[in-house]
Structures are given as structure tokens and as C-alpha cells.
Amino acid sequence: MDKFKEIRPIVLGIAKNNNRILVSKGYDKVKDSTFYRCLGGGIEFHETSVEALKREFKEEIDIDIEVNDFCGIAENIFTFQGKKGHEIVFFYNIKIKDEDHKEVFPMIDDDGEDVAIWMDIDDFKSKKKILYPEEILKYL
């Protein structure tokens, strides 16, 4: 599936710790804009959103998660690096086991190696930092 030519179903996990959430950092060179996003990814054919979320966390930061409450669904139409995208996003609250908790998680994704970090929820609510998709703010 070409994520810039089709509507893509994805799932994102909202991991909270105190007043922080676990996010990865992104950068759009065309817009010269830094943004953040909760971890997750594409739902494969014949895979549930919960199965996809567990798989994505295992692939990206090598941990098993507990998927808790379903928060909602949003349609996200966006432009990234000058390309138009369209996603249907499933949101879930998730829990990371205490023994798996780290302040910084080494992360492997489609764009190479990066890190997932805990950031203050208030920075996103106050718009000091950008969190995508914006609809996720109502679940924080």
C-alpha cells in the first residue's frame, strides 16, 4: 500500500506516565516544522487494530504493551513532505509495564533509527509543541 495514494488505516497508542505521553519526533522539511506523534502504525489486512498496535510497539521499541480503553477514531487528511495523505486513525490508551519503562526508548521505524521520549502533555495542550493528529488532544 502506498500511504500517499490510498486511505490508510492506522492505530496509535496513548501511553501516559504522570503528566507525560510517549511520542516520537518528526520533521517536515517542506514546512520546516517539527512535530510529535504517539507510537503506532499501519493496520495490515486481516489484522485487528489491537493486534496491529501490539505488533507496532514490539517492532518499534521492542516491548509488549497492555492495550486498555478504546478512545475513538479520527479521519486525518494532511500534507507531509509535500505529499497528500489520508488516514483513518484508531486511538487506544495503553500501559507499559513498569519493568519495561525507560525515559528514552531506542526506536526503529520506516524512516530509520530514532528515539521515543516522554513529553509533557501541557506542552501539546497549550500548542507550545505540535502533536499530530490534532484530534488526539481530546483524549489526553
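## Lys-5, ahead of the strands

Lys-5 sits in the segment that precedes strand S1 (7-17). This is a predicted model. Lys-5 is exposed, and its relative accessible area is 69%.

Along the chain, Lys-5 and Gly-85 are 80 residues apart.

## Helix H1

Helix H1 covers residues 49-61, 13 residues in total. At 1.5 Å a residue, H1 should span 18 Å.

Several H1 residues are buried, among them Ser-49, Ala-52, Leu-53 and Arg-55. Glu-56, Phe-57, Glu-60 and Ile-61 are buried as well. Just after H1 comes Asp-62, which takes a positive phi of about 55°.

## Aromatic pairs

The whole structure holds 5 aromatic pairs. One of them joins Phe-35 and Tyr-132: the ring centres are 5.3 Å apart. Their planes meet at 50°, so this pair is tilted.

Phe-35 belongs to strand S3 (residues 33-38), and Tyr-132 to strand S9 (residues 131-132). The pair therefore ties together parts that are 97 residues apart in sequence.

## Burial and the ring cluster

Tyr-132 stands at 27% relative accessibility and counts as partly exposed.

Ring pairs link Phe-80 with Phe-35 and Tyr-132 in a cluster.

Technical notes
Residues numbered from 1 in each chain as written. Predicted model: local features only at pLDDT ≥ 70, side-chain atom pairs only at ≥ 80, totals over all residues. Heavy atoms only, no water. Helix = DSSP H or I, 4+ residues; strand = E, 2+ residues; numbered from the N terminus. Buried < 20%, exposed > 50% of the residue type's maximum accessible area, 1.4 Å probe, protein only. Expected span 1.5 Å × (residues − 1). Phe/Tyr/Trp six-rings, centres within 6.5 Å; stacked < 30°, edge-to-face > 60°.
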